Amino acid sequence: MSVIEIEEIMALLPHRYPMLLVDRVTECKLGESIKAYKNITINEPCFTGHFPGKPIFPGVLILEAMAQVAGVLGFKTAGNSDELYLYAGIDNARFKMPVVPGDRLDFEISLIKEKRGIWKFRGVASVDGKDACVAEFMCAMRKM
């Protein structure tokens, strides 16, 4: 599957500004993996307080963006549009470098397994080919 533009991402995910953290999907292999990105701009609301004079994109938002990208993969794979993906756990999260305005945050998310509505993923968020964050996480599908 090829590129997924923002209109389709918004049709799949319930998130909206300022919490929609995926700009475009560049590759999607149903039931396997997905690649996407978010452009980090100085206009992000978090930068007013994180940190004044030294803007750094918060790690928790990087993890949230990973979950949203995984949600796109899940919805495209399972075809469920009346459900939500909720975080069920995060393991081995490591932050390797700060993400700052002007960066393009690239995501590579792989499905490890799915069992009874619990999906386990491995995610890497990188900037210019360098890992910024790596984590394993679980999401649970729940009816809205």
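Visitor: What should the 20 residues of α2 span, at 1.5 Å a residue?
Guide: The 20 residues of α2 should span 28 Å, and the end C-alpha atoms of α2 are 28 Å apart, which agrees. The expected span is 1.5 Å times one less than the number of residues in the helix. Helices (H or I, at least four residues) and strands (E, at least two) are DSSP runs, numbered from the N terminus.

Visitor: Where do these values come from?
Guide: This is a predicted model, in which local features need pLDDT of at least 70 and side-chain atom pairs count only at pLDDT 80 or more, while totals for chains, interfaces and linings use all residues. Residues are numbered from 1 along each chain as its sequence is written, and side-chain values use heavy atoms, with hydrogens and water left out.

Visitor: How many of the 20 residues of α2 are buried?
Guide: In α2, 15 of the 20 residues are buried, so the helix is largely enclosed by the rest of the structure. Buried means under 20% relative accessible area, exposed over 50%, and partly exposed in between (1.4 Å probe, protein chains only).

Visitor: And what comes just after α2?
Guide: G79 does, and it takes a positive phi of about 70 degrees.

Visitor: Turning to the sheet, what is the strand order?
Guide: The open sheet has six strands in the order β1-β2-β4-β5-β6-β3, with antiparallel pairing. Two strands pair if DSSP finds at least two bridges between them.

Visitor: Which strands stand at the edges?
Guide: β1 (24-29) and β3 (83-95) do; each has a single partner strand, so one side of each is left without a neighbour in the sheet. Neighbouring strands of this sheet are turned by 20 degrees against each other on average, direction ignored. Axes here are lines fitted to C-alpha atoms, for helices over the stretch in contact, and angles run from 0 to 180 degrees between N-to-C directions.

Visitor: Over how many bridges do β3 and β6 pair?
Guide: β3 and β6 (residues 130-143) pair over ten bridges, in the antiparallel sense. Within that pairing, E83 has K143 in β6 as its bridge partner.

Visitor: Which strands does α2 touch?
Guide: Helix α2 (residues 59-78) packs on the sheet and touches β1, β2 (33-39), β3, β4 (104-115), β5 (118-127) and β6. The direction of α2 makes about 135 degrees with that of β3. Contact means heavy atoms within 4.5 Å.

Visitor: Changing topic, how many disulfides does the count come to?
Guide: The count comes to zero, a disulfide being a pair of cysteine sulfur atoms within 2.5 Å. For C28, the nearest cysteine sulfur is that of C139, 15 Å away. For C139, the nearest is that of C133, at 14 Å.

Visitor: Is C28 buried or exposed?
Guide: C28 is buried, with a relative accessible area of 2%. C139 also counts as buried, at 1% relative accessibility.

Visitor: How many salt bridges does the structure hold?
Guide: There are six, a salt bridge being a side-chain nitrogen of Lys or Arg within 4 Å of a carboxyl oxygen of Asp or Glu. One of them joins E8 and K76, with the closest N and O atoms 2.6 Å apart. That pair links distant parts of the chain, E8 lying in helix α1 (residues 6-12) and K76 in helix α2, 68 residues apart. E8 is partly exposed at 32% relative accessibility, and K76 is partly exposed at 22%.

Visitor: What does E44 form a salt bridge with?
Guide: The partner of E44 is K38, the closest N and O atoms being 3.1 Å apart. E44 is buried, with a relative accessible area of 12%, and K38 counts as buried at 5%.
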